[in-house]
Amino acid sequence: MRVLLILLLVCFAVPVGAVEARVFTAEEQVMLKKVEGYLNSVKTLQSRFIQATSQGGYTEGTLYLSRPGKLRFEYDPPAPFLLVANGTWLIYEDKELDQISYLPLGSTPAALLVSENLVINGDEVQAIDLVRDKGLVAVTLVQTDNPENGQLTLIFNEKPMVLRQWEIIDAQGTQTVLTLNKTRTGLTLDKELFVYHDPRHQGTGIKLD
């Protein structure tokens, strides 16, 4: 489970085969623009989440998002995990193992969710698939320069458009699915949520924001 938590936000899936070019219809291009517009319109978000894997792992918690650059995954006890993106770093803490990892936010898929101005089929992100079915829209994205690194699928309710879920495949081929519920947007979130207080620096006055 710990490895899967890191993989969820740290890297796109490992290569899952060659990525084939996809020509989108005019209608699909309109939908991609709607998805892009929706993601860019969400400045703040708070949601409960359920994280499940194809190996049977299951955790719950609360997600906080503030664009640009800020993200917090607060896992419910007894899960000892915390993930914080502070605009520069994605910080992963495992209290049980007493491990803390810092990764450049821009090197992770989390950067896509909290980018200041996401452009699908732009310099950084390309859409390779779009599926509409039973009121849902699924958009699969890859890194523009490194599509072989894998793919991330975002799933939305179409009317009204709301982000409901995303899916990633890890290096072992395990699928990790994160489902959002009780989502609220446009909130005023406490800036302290996105400040990480490294326990190793307690008493030094150092905080990472």
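K95 is exposed in this predicted model, with a relative accessible area of 52%, where exposed means over 50% relative accessible area, buried under 20%, and partly exposed in between (1.4 Å probe, protein chains only). K95 forms a salt bridge with E93, and the closest N and O atoms are 3.2 Å apart; a salt bridge is here a side-chain nitrogen of Lys or Arg within 4 Å of a carboxyl oxygen of Asp or Glu. E93 counts as buried, at 8% relative accessibility. The structure holds seven salt bridges.

Because this is a predicted model, local features need pLDDT of at least 70 and side-chain atom pairs count only at pLDDT 80 or more, whereas totals for chains, interfaces and linings use all residues. Residues are numbered from 1 along each chain as its sequence is written, and side-chain values use heavy atoms, with hydrogens and water left out.

R48 takes part in a salt bridge with E60 (3.7 Å, N to O). E60 lies in strand β2 (residues 58-66) and R48 in strand β1 (residues 44-53), so this pair ties together parts that are twelve residues apart in sequence. Helices (H or I, at least four residues) and strands (E, at least two) are DSSP runs, numbered from the N terminus. The side chain of R48 also meets that of D76 in a salt bridge (2.5 Å, N to O). D76 lies in the loop between β3 (70-75) and β4 (81-86), so its pairing with R48 in strand β1 ties together parts that are 28 residues apart in sequence. R48 is partly exposed, with a relative accessible area of 25%. E60 is partly exposed at 29%, and D76 is partly exposed at 26%.

E28 is located in helix α2 (residues 26-41) and counts as buried, at 16% relative accessibility. The side chain of E28 reaches the backbone nitrogen of T25 at 2.9 Å. Leaving out residues up to four places away in sequence, E28 touches R22, V23 and L130, contact meaning heavy atoms within 4.5 Å.

G57 is placed in the loop between β1 and β2 and counts as buried, at 18% relative accessibility. G57 and T176 are 119 residues apart in sequence, while their C-alpha atoms are 8.8 Å apart in space.

The largest pocket has a volume of about 420 Å³. A pocket is an open set of points on a 1 Å grid over the protein atoms alone, where a 1.4 Å probe fits, with protein on both sides within 12 Å along at least five of seven lines; lining residues have an atom within 4 Å of a point. Grid points are joined across faces, edges and corners, and the volume is the space filled by probe spheres set on the points. The lining comprises 22 residues, of which G106, A111, L112, E124 and V125 lie nearest the pocket centre. Helix α3 (110-113) and strand β8 (136-143) are the elements that give two or more residues to this lining. By residue class, the lining divides into ten nonpolar, nine polar and three charged residues; Ala, Val, Leu, Ile, Met, Phe, Trp, Tyr, Cys and Pro count as nonpolar, Asp, Glu, Lys and Arg as charged, and the others, Gly among them, as polar.

Key. A polar contact is a pair of N or O atoms within 3.5 Å; within protein, one must be able to donate a hydrogen and the other to accept it, and residues adjacent in sequence count only if both atoms are side-chain atoms.
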